[in-house]
Amino acid sequence: MDLKRVAWSNVWRNLGRYAAYLGSAAFAVMVYFLFNAVVLHPDFQGGYRGARTAAQAMQAGAVVVAAFTFFFLLFAHAAFIRFRRREFGLLRLMGFTRSQLVRLLLWEGLITVLAALAIGSGLGLLFARLFFMAISVLLQLPEPIPAYTGPGVWLRTIAVFGAIFTVVSLQSIREVMKHSIAGLLRARRRTKEPPTYARWKAATGTILLGLGYAWAALGDQEHMLLAAVPVTLMVSTGTYLLVHEGSIALLTRLRRNQRRFYRPVPFLNLSQLLFKLKDNARTLTSVTLLVAVILTAMGTTYSVFAMAREDARVSYVHSLELSRIGEKAPELEDDARRLSSLLQEQGLEVQHHWHLLTAWADARFAGMGTPSLLVPYSLYRDMRQAAGEAALPVQAPTDAVLVAATGPLEDVDGEPYTVTLGDQHLAGRIRVDAGRRLFTQISWALVLADEVFAALLAGAPEDMRIALAAWTTSPDIGRPALEAQIRVQELLAAGSGNDVFLSRAEIYDRQVSEWAVVLFMAVFASLVFFAACCSLLYFRLYTEIDDDRRYYRRLADLGVERSLLRQVSRRQLMTVFFVPFIIGSVHFTFAMRALSTIAGQTVLHHAWLVALGYLALYGAYFLAIQGFYWRSLRLNS
Amino acid sequence: MRVLTAQGLTKVYGSRGRVVTRALDNFSLEVEQGEFVGIMGPSGSGKTTLLNLLATIDRPTSGTVAVEGRVTSQMTEQELALFRRKRLGFVFQDFNLLDSLTIRENMALPLVLDRQPPALIRKRVEALAQRLGIEKILDRFPDEVSGGEQQRAAAGRAVIHEPAVVLADEPTGNLDSRSSQAFMEILRDLNTSLKVTIVMVTHDPFAASYCSRVVFIRDGALYNEIHRGDGRQAFFQQILDVLALLGGGSSGS
């Protein structure tokens with residue numbers, strides 16, 4: 001029997017323990033493979049709308065997945081090696097030389113990497129078609145992009161994960177070689193000491209977490225991005241300290257409360273939780289932070305997606321806008337009329353249609369000077385009414401209403417103004433209707449009484465003239481609206497070179513499809529994190545399954561009913577699973593609170609939607625593991 | 001009063017075409033209230049099988065076990081668990097204390113499972129600990145105390161809920177001679193002062209000499225039975241004599 005065979009049988013024998021680890025590594029390989037298939041796809045070098053965004057998103061995702069996998073494997077592998085130290089000690093004791101042990105570990109590493117690569121890229125190959133189909137649908141391409149798994153994809157995947165596994169294997173070898181034979185053999189004999197509570201650690205943890213939360217919750221928009229790194233560090237450290245010290249404090253307190261503690265379920269649960277606390281705390285912290293990271297990444301991406309979608313709707317005032325400047329401006333009216341009927345022909349119902357021939361004028365008020373678009377009061381009033389809002393009233397004919405996209409402008413309200421257009425002047429008092437637009441392209445509009453407007457416009461030089469047309473249609477956004485508008489645009493394109501055409505359906509569609517691809521990528525990347533999270537929990541349970549089996553057997557022998565044992569084991573698992581999820585969700589809520597500050601609008605409702613989705617996924621994993629764990633205890637045999 | 005009755009116990013292992021082993025063959029045993037019975041026999045004689053059947057953690061191929069008149073083979077799994085918890089006490093060779101509980105909590109376990117009020121639990125644990133000489137280590141964890149102390153705590157756990165009978169499986173098997181002697185003194189004290197009924201499987205003639213009666217098994221059947229007369233020393237000699245006749249080595253289980 002040579003080393004290769006020993007290594008092979010080691011991996012095979014440890015498969016139960018390796019399974020989750022190998023599974024999440026293979027999953028990471030698959031995702032990396034698929035991302036790179038997009039990055040290197042010739043069709044994604046441009047050509048499609050949103051293709052470049054997709055390729056860039058996948059590239060970023062691939063880097064994140066590779067970096068995360070590296071750290072995760074380093075951590076997970078170290079845990080395995082620690083677990084198997086005694087076994088290596090025995091091999092050395094039986095006369096294995098150092099170089100033989102190194103070679104054994106290298107073989108094991110090689111088998112693992114080959115398995116992960118084979119499974120991962122095999123799955124990648126299998127799902128490539130589906131993956132590209134999904135992206136084609138998201139980008140709303142007329143026909144699906146053909147799948148691509150060129151040599152570059154393989155080369156990158158093998159090179160990157162080969163390197164990751166090499167470093168991880170070398171690190172594990174270094175770890176084993178560090179110890180003497182006696183040190184290796186002693187490894188797992190150590191008994192668990194009862195945990196002790198350190199007040200200063202708990203205080204430090206509380207302060208760090210409190211400061212981190214306060215910063216995230218109360219910081220201002222300008223400095224929030226800078227806060228991300230220190231807040232993350234504070235919250236991570238605070239979490240570890242608080243999970244550790246907090247659970248000691250809490251559990252010890254509960255244990256002292258005899259009336260509560262001296263009942264079957266708490267009695268067994270609390271003592272067992274305290275007993276395993278040191279080992280649990282590390283996993284609990286890792287899982288907590290992973291949950292927070294997954295939720296925050298997904299929550300952020302989804303919120304940005306939702307905000308972009310909403311933004312497209314809000315910043316485009318009308319479904320469709322057309323404008324023309326200069327001498328040909330007056331001809332727009334005819335074209336607009338034609339366009340209205342074309343829209344109807346394409347099946348879009350025109351709910352409102354506005355047309356305006358006007359000019360830019362130089363307005364001065366409250367020490368400011370700005371070119372403003374002149375608008376007759378009747379149009380202003382009608383537009384506001386169509387939006388279901390009241391127009392600002394004016395008293396004197398020379399009074400004007402400033403409709404400004406930005407605001408507030410309280411100090412301008414009631415101030416005198418002057419308007420100059422060509423050689424005509426006008427003066428009066430100004431009222432402010434801030435935070436609104438009459439047309440998407442217009443930030444400043446000066447509303448004048450109809451007759452004043454007509455008089456001013458009559459003397460406007462030709463080059464200051466502008467014509468605007470706007471439509472509100474139903475449907476407004478979505479595929480049919482977009483297609484109808486594109487056709488209308490094509491029909492109209494002939495002859496009018498310097499027209500500006502703005503379509504809400506188009507911007508909405510672009511935002512949605514580009515962000516949908518980013519969101520799609522983020523889902524895959526976060527699933528890698530999620531798989532890692534699940535495998536950490538799995539490994540924690542698997543490592544202790546022998547001890548747990550003995551524990552529950554002893555209780556069963558003493559006559560404890562199976563139903564009570566099941567209850568105790570379920571509570572234990574629930575603690576290990578859901579305490580991190582709850583704490584992670586709290587972290588996440590504060591992160592989203594910070595994002596709301598940055599975005600200037602609340603995103604919590606988007607964020608919680610994401611959290612609920614993950615809770616469902618996590619809950620399903622819990623149920624599966626719970627059944628598996630109970631069967632593994634083999635109390636029925 | 002008769003506490004334990006085992007009648008015609010037979011246990012056959014490994015059917016379905018494989019080699020059939022008859023671990024117990026039509027074995028009967030009766031134990032009176034307050035008795036301290038030892039069970040001895042060579043390796044593979046069926047001692048452990050017998051104890052498992054008495055402990056209701058294994059079912060006989062034929063025959064019955066009755067404790068306080070209740071036939072255990074007629075109980076459901078759930079009833080058996082409850083019965084074990086309330087009416088039986090166990091002492092194991094490897095102590096079987098739960099590492100996550102303190103000595104106090106380990107002793108209290110049967111009463112906690114029985115939902116007794118904490119004040120009563122406390123009183124009983126402390127009184128019993130006094131008797132067992134472990135009152136100073138009550139708040140330590142099992143791995144912080146000696147094997148002898150762990151076994152005494154296990155004995156405390158076995159009797160705290162006043163079971164009908166305590167079943168002990170090689171209780172001195174993991175103890176040095178001094179701790180063994182101390183532990184047997186404790187068992188005898190529990191037997192004589194608290195009238196605890198004990199059935200103990202052992203291969204140690206010294207430990208067996210503390211019993212009031214010793215039953216010898218060979219090849220799954222009763223071989224001999226001796227009662228203690230005047231002194232422990234004489235009884236010890238008697239046991240050694242039977243063991244010599246029994247042959248086949250008395251060690252192992």
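**Close-up views of a predicted model**

**View 1. Packing of helices H4 and H16 of chain A in the predicted model.** Helix H4 (residues 98-138) of chain A packs against helix H16 (residues 504-543) of chain A at an angle of about 150 degrees, and their axes lie 8 Å apart. Because an angle over 145 degrees counts as roughly antiparallel, H4(A) and H16(A) are described in that way, as roughly antiparallel to each other. On the H4(A) side, the contact is formed by A:Ala134, A:Ile135 and A:Leu138, which meet A:Ser513, A:Ala516, A:Val517 and A:Phe520 in H16(A). By class, the residues of this contact comprise 6 nonpolar, 1 polar and no charged.

**View 2. Strand E7 of chain A and its pairing partners E3 and E4.** Of the 5 residues of strand E7 (residues 444-448) of chain A, 4 are buried, so the strand is largely enclosed by the rest of the structure. Strand E3 (residues 368-376) of chain A pairs with E7(A) in the parallel sense over 4 bridges, and A:Leu374 stands opposite A:Leu446 in E7(A). Strand E4 (residues 400-404) of chain A pairs with E7(A) in the antiparallel sense, also over 4 bridges; here A:Val401 stands opposite A:Val447 in E7(A).

**View 3. The side of chain A that touches chain B.** In this region, 19 residues of chain A are in contact with 21 residues of chain B. Helix H9 (258-261), helix H10 (264-275) and helix H17 (545-557) of chain A are the elements that each give two or more residues to this side of chain A. H10(A) gives the most, with 5 residues. The side of chain A that touches chain B is made up of 8 nonpolar, 5 polar and 6 charged residues.

Note on methods:
Residues numbered from 1 in each chain as written. Chains lettered and ligands numbered in written order. Predicted model: local features only at pLDDT ≥ 70, side-chain atom pairs only at ≥ 80, totals over all residues. Buried ≥ 20, exposed ≤ 12 C-beta atoms within 10 Å, placed from the backbone. Pairing = 2+ DSSP bridges. Axes fitted to C-alpha atoms, helices over the stretch in contact; angles between N-to-C directions. Parallel < 35°, antiparallel > 145°, perpendicular 65-115°, else oblique. Contact = placed C-beta atoms within 7 Å. Nonpolar A, V, L, I, M, F, W, Y, C, P; charged D, E, K, R; others polar.
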